Every structure is written in structure tokens, then in C-alpha cells.
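This report concerns the contacts between and within the chains of one protein assembly. Please consult the sequence and the structure shown here while reading.

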Protein chains: 4
Amino acid sequence: MLKLEDARRIIGAAELKAAEIGQPMNIAVADSGGNLIAHVRMDGAWIGSIDISIKKAYTSRAFDISTKDLAGESQSGGQFFGIHASNDGRIMIFAGGIPLKQDGQVVGAIGVSGGSGEQDHAVAEAGAAAL
Amino acid sequence: MLKLEDARRIIGAAELKAAEIGQPMNIAVADSGGNLIAHVRMDGAWIGSIDISIKKAYTSRAFDISTKDLAGESQSGGQFFGIHASNDGRIMIFAGGIPLKQDGQVVGAIGVSGGSGEQDHAVAEAGAAAL
Amino acid sequence: MLKLEDARRIIGAAELKAAEIGQPMNIAVADSGGNLIAHVRMDGAWIGSIDISIKKAYTSRAFDISTKDLAGESQSGGQFFGIHASNDGRIMIFAGGIPLKQDGQVVGAIGVSGGSGEQDHAVAEAGAAAL
Amino acid sequence: MLKLEDARRIIGAAELKAAEIGQPMNIAVADSGGNLIAHVRMDGAWIGSIDISIKKAYTSRAFDISTKDLAGESQSGGQFFGIHASNDGRIMIFAGGIPLKQDGQVVGAIGVSGGSGEQDHAVAEAGAAAL
């Protein structure tokens, strides 16, 4: 079970990566039930990304998949096209969410938003690696 | 008119198929009004699929069509593109929902979510066959 | 951690109580994250109570309290008046939801809707006692 | 203008107070635009309070008033009764939200949820005092 101190360590590592890239980010960590444990908005990060970061974390836990991989299946013509209309608008289908694993089990997820899809994913990976 | 015992028999058959495939699923059965009769989430099934299974059942009854067939018309460029934005977000346009028929009449629908579109549809078919 | 078989046992006990009272009910069980595990609508139960039963289960887990006790604090003039406007409409502040405990720990909740507040609460208690 | 480091200092002070009281809390800090800067859920705090803490912070900044004071005017019969239905469900009208001031100017707000109204307000005050 993820604790607040885990979430803080994960967020701290993600912030370092964001600073390295030079792009301020919103970073959120959710638990195994998809419920938010902690969120930070770095100075200068987009306010529209607050909600996106929280929902990317939810989405990655909801389907135990990175939102980058989910994106591939969710475009027009893909097998999951339309999934973004489910879960009362909480599903994000672009890069930046990654499941968090402990001993091979998904225990939560991180969601990052504030830059390009590639940047968001890289920052999320840095956060996930700190668990 | 579908009864709770019908819904349970349908869900039981769908669970057997899901176990055979080895993919835990969310399974929902709706009545002729599109309203939920019963839902189960098998152990380990995605939490994001709770909502999707219930809405696939609603959608299949709402238009008396499988969501797999509706999907074909609902991609960008298709004649029903945008339909997923209707009905206050209750329309799912990817495989896993199937109308339930008795004596040629639609009496409800089953919705399944938890795997690939192909898996969801196969499990829904197994459930529907139990009516 | 609650399993589907636990949820089914809980729901079965609640159904027995509802049948004894002679009032058909909607019965829902949620896990520790507040996410639905299973739901049934007994034959003849109100369709408006589908949503209410699921949300009563969510509410009882969300605040680790019965919705009957929460109700007492949530009327006009009470310390939590207005709480029903939170959590995007998922909070129910009338009797019928009860937390489920194992070894003194809340592991989920049951939500019941279909009769008077007193009846709903009694059926929820019968369900909770089966865990 | 509040910075992330300010929000963290405020949250840290609030956590200390919550620990002293012995009641785990959700704590959120919003900026002058009412937008979330940071949120933490202490281990064991209610999941239903995630949303409430964030919305208490929004509400306190939205009207530059503590939610405890707003509550007094928002009960049935009060001059603002019904205000909780505005702002798409983001208005919380019970204690736990406090505006944050710098040089007499409101620069943001703190929102706390996880205990009684009195506890939430006390923890919010401890946080606000750290600015």
C-alpha cells in the first residue's frame, strides 16, 4: 500500500526530471483505488494541467496501463476508441500516466502534465523509478 | 421481462468464459429500459471497466445493436461519429455490449469490459447465449 | 481485501432480509477504494435506487461512517451541511450505507436502497453481518 | 504570488497540527486564481475528503471568506442558501477553508477535510499561520 511518504518521494524525483528538462509540470500520485494521494503544481506550470495530471494517474490505475500505450488503442479506428467518454470524464488518453508497481503488483499510478507528451512521459518514468 | 435470476445465469455463463480465456472481467446486465439489473467485477478486473461494462449494456439496449457493430459507424468519418457525446456520456462505442433477445424481441443487454475488444465481445456472447 | 465471493455472500444475506421484510431492494458492495464490486436489483425494486445504492456504498467507505449517522450531521444547521454537493454528486446522506469491517479495519461498504430509511439500514446491517 | 514552496510550508504546518490532534487530514492549497497548487492526503485520511479539501480551498478564495463563516449564511433560511449549487459543484459551505493573506491581500486559500468541522478549521488555521 502506497503511503504519503512514497508519493512524496515519487513526486520529488519527477520534479527533478522536470527541472532538468526545463519544463514545469503538474504531478499527481494515486493509490490502488485510483484515489489521489498527493499533487503538486510546479511554479509556472499550466493550470489546465492540474486536472489532467490527476486524471492521468486515475486512468493508468483504472486500466493498469500507461496512458501512452492506451493512446495507441484509443484513436479513431482503434479497438478502444470512445473510452475517453467513460468514467464520467476521468479518462485521459495521451502520454503522461504510468502505473506504479511493487513486487510486480500495481499499487497506484503517477500522472504528469505540463509539456509535450514525450516530456510528460519521461517525467512520469523518473517518478515511477523512485518507488 | 428479464428477472434477477436471468441476469445471474447470464453473468455466470460470462464469468465461465472469462475464466476460460484467463482475463478477469466486469459484467453487467440491463433490462428493457436500459436500467442495470446486476453487475459483478471479477477479482483482479480493471476498476475503470466497472463504468464501461454498465454503459456498454445501456448502449446496446439503447440502440438494439452490439457495441461492436455500433463502433463501425461511429469512428471519425462514420455516419454516427459523435454519438458517444450523447446520452450524458452513457454511450460506449467499442466492442463488449450485446442486446439480449427472447422470442426475437430485445429484452435487455449485456455489457462486458476487462480485456481486448475481441475478448469482451466473446465473453458477452457467452453470457447472451445463456438466456 | 474484499473478493467477489465476499460481496456475493453479503448481498445474499441482504436479499434474505429484504425478502423477510417484503420490500425488494437494490444492493451494492464497494471495495476499500470505494469502487463497485457487485450490484443486484431485486425483481420489482425501484430503478431510481440503482444509483442510490451504489452511491451509498461509496459514501460509507469515503467517510468510514454509516450514511444514517452522516445524515445526522448533514441537515441544514449541521456541521457537514452541504457535503452532498461534494464528490461530483456521489454522496448520499440518508440511511442505507454501512462500512464493512474486517479485524477492525474498514475494507469496503454496502449500500442499500429500495424502501424506507429504516428498512434500507436494516437490510444493510444484515448484509454487513455476513462478512 | 504564492509559490509551491509556500504551499509546502503551509501544508507542513497543517500536517503538524493534524498529527497533534490525532486526526489524519486532506490538505489543499489554491492560488489567487482558485487553482490548486498542492494537495496531500495523510495516511488513513478519508478518501471522500480529497475532493472536499480542494473545493474548500477554491471556495475560500472564490469569496475571500472562510467556509466556516460562509456556512453561517448558507443554511436553509440564510441569505446565501443555495450557493452550494453554483460553480458546477465546487462550493463547500462547511468549516475547513480559510483565505491566505499577504500584506492584507488575499493571495490564495487553504482547504482542510478529514475530521469534525472544528478540527478541520483548526488545522486550516495552523496552515494559514505559516504563510
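Which residues in α1(A) meet which residues in α1(D)?

## Helix pairing between chains

In α1(A), residues A:Leu4, A:Arg8, A:Ile11 and A:Glu15 meet D:Leu4, D:Arg8, D:Ile11 and D:Glu15 of α1(D), contact meaning heavy atoms within 4.5 Å. This contact divides into four nonpolar, no polar and four charged residues. For the classes, Ala, Val, Leu, Ile, Met, Phe, Trp, Tyr, Cys and Pro count as nonpolar, Asp, Glu, Lys and Arg as charged, and the others, Gly among them, as polar. Helix α1 covers residues 4-21 in chain A and residues 4-21 in chain D; the two axes come within 16 Å and cross at roughly 170°. The helices α1(A) and α1(D) are therefore roughly antiparallel, a label for angles over 145 degrees. Axes are lines fitted to C-alpha atoms, for helices over the stretch in contact, with angles from 0 to 180 degrees between N-to-C directions; helices are DSSP runs (H or I, at least four residues) numbered from the N terminus.

Chains B and C also pair through α1 (residues 4-21 of each), with axes that come within 16 Å and cross at roughly 170°. Accordingly, α1(B) and α1(C) are roughly antiparallel to each other. Here B:Leu4, B:Arg8, B:Ile11 and B:Glu15 meet C:Leu4, C:Arg8, C:Ile11 and C:Glu15. By class, the contact of α1(B) with α1(C) has four nonpolar, no polar and four charged residues.

## Basis of the model

The model is predicted: local features need pLDDT of at least 70 and side-chain atom pairs pLDDT 80 or more, whereas totals for chains, interfaces and linings use all residues. Residues are numbered from 1 along each chain as its sequence is written, chains are lettered from A and ligands numbered from 1 in the order in which they are written, and side-chain values use heavy atoms, leaving out hydrogens and water.

## The interface of chains A and B

One salt bridge links chain A and chain B, that is, a side-chain nitrogen of Lys or Arg within 4 Å of a carboxyl oxygen of Asp or Glu. It joins B:Lys55 to A:Asp88 (3.5 Å, N to O).

## Salt bridges in the whole structure

Over all chains, 34 salt bridges are found. In one of chain A, the side chains of A:Lys17 and A:Glu20 meet at 3.6 Å, N to O. A:Lys17 and A:Glu20 are three residues apart in helix α1 of chain A and so are separated by about one helical turn.

Definitions and conventions
Helix = DSSP H or I, 4+ residues; strand = E, 2+ residues; numbered from the N terminus. Parallel < 35°, antiparallel > 145°, perpendicular 65-115°, else oblique.
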